[in-house]
Amino acid sequence: MILAIESSCDESALALFDPARGIVRELVSTQAAEHEKYGGVVPELASRMHLSALPWLLEEFRGDLPAVTRLAVTRGPGLLPCLSMGVTLGRALALATGRPLVGVNHLRAHVHSVFLPRHAQDPAGFLAARAALLPHLGIVISGGNTLLVRLGEDLSMQVVARTVDDAAGEAFDKGAKLLGLPYPGGALIERHAAQGDVGKFAFPRGIPEKADLRLSFSGLKTALRYQLEKMDDAQVQAALPDLCAGYQHAIIEQLVAKAGAALDRSSYRSVGLSGGVANNRTLRQRLTNASVQRGLPMFLAEPKHCGDNAAMIAFAAWSEPDRPADAAPAPSLTVDQP
Ligand code: KG4
């Protein structure tokens, strides 16, 4: 059984994974309401909140400790003062229990997270079933990252495409801020967009060339700012659903176009979607359609595992070969062993 710790940003989380059963127990303590006051995550505050949350989360797992054979912790990428809290707890637990501790790359864990439901369906048959789904295109879309990753037959990962500027979640959040919506605004944009008309406002599509897999979202945010400068507050309020619909549409169109181009360029046997923005229902539907049209099964991270969580860390620790928590963090996913 693997006990995992996640503390890379503003969620403190612990999870227990049993390879024979799946996730046995998991808890997430989110700090979102606290950071909302500041319009973004404040690292110093976040690390202090991990310091108080992690010990009481651990209390809930106290009875499980004798059965734990391995410990796992998010090693990066993330906010250093926040990561240190989880790594320190992991090391303390390793010392106290004598169990080995492995460090997990948070982004690799997002890629693996889409297979959690498949594992839960049939734990004993999972590894053989997954082997038949590789190579796999992992689409990880969060507040800090936007990546298309090839998960190879040997479980190596290569970045196929990434944003050259803002992450898609950042585009949602910055757009929401311009529209006067609170942080993090992605889910609110989705809610308003549901009542709007995507055709009322046209926003640019980053790098439109199909041959170029790079993504870009900063121009979109600027286009929204210019559009809002032409409107007074009452007009913005009246057009909020249409503005949100057009803005969301531009983000999703770009993601669908680049994912489609990546799938057409190379052969894959399955597709996955994960990360905070993967909560977006329109995005889930559009990317599912894009993969199904190409005859590929789509694996969607469950909504509870789209944001930061420890279940995916435990699952990744089991899915991947062991590596020490002390090894230097990898700068990117392009290396096979992060
Ligand atoms: O993975 P995540 O929890 O953490 C970070 O990367 O920090 O992702 C959070 C991101 C935020 O940008 C948030 O606005 C976005 O996910 N998000 C959404 C939705 N729910 C969360 N974006 C669009 N539609 C949603 N429903």
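This is a predicted model: local features need pLDDT of at least 70, side-chain atom pairs count only at pLDDT 80 or more; totals for chains, interfaces and linings use all residues.
A polar contact is a pair of N or O atoms within 3.5 Å; within protein, one must be able to donate a hydrogen and the other to accept it, and residues adjacent in sequence count only if both atoms are side-chain atoms. Residues are numbered from 1 along each chain as its sequence is written, and side-chain values use heavy atoms, with hydrogens and water left out.

| Residue | Residue atom | Ligand atom | Distance |
|---|---|---|---|
| Asp-173 | side-chain N or O | oxygen | 2.6 Å |
| Gly-186 | polar backbone atom | oxygen | 3.1 Å |
| Asn-280 | polar side-chain atom | nitrogen | 3.1 Å |

Of the 550 Å² that the ligand exposes when taken alone, the protein buries 84% (Shrake-Rupley method, 1.4 Å probe).

Around the ligand stand 16 residues, each with a heavy atom within 4 Å of it. Gly-143, Asp-173, Gly-186, Glu-190 and Gly-276 are the closest. Helix 7 (168–178) and helix 8 (186–193) each give at least two residues to this shell; helices are DSSP runs of H or I, at least four residues, numbered from the N terminus.

Now for another part of the model: is Leu-58 buried or exposed? Leu-58, a residue of helix 2 (residues 43–59), is buried because its relative accessible area is 16%, and buried means under 20% (1.4 Å probe, protein chains only). Between the C-alpha atoms of Leu-58 and Asp-197 there are 47 Å in space, and the two are 139 residues apart in sequence.

How values were computed. Buried means under 20% relative accessible area, exposed over 50%, partly exposed in between (1.4 Å probe, protein chains only).
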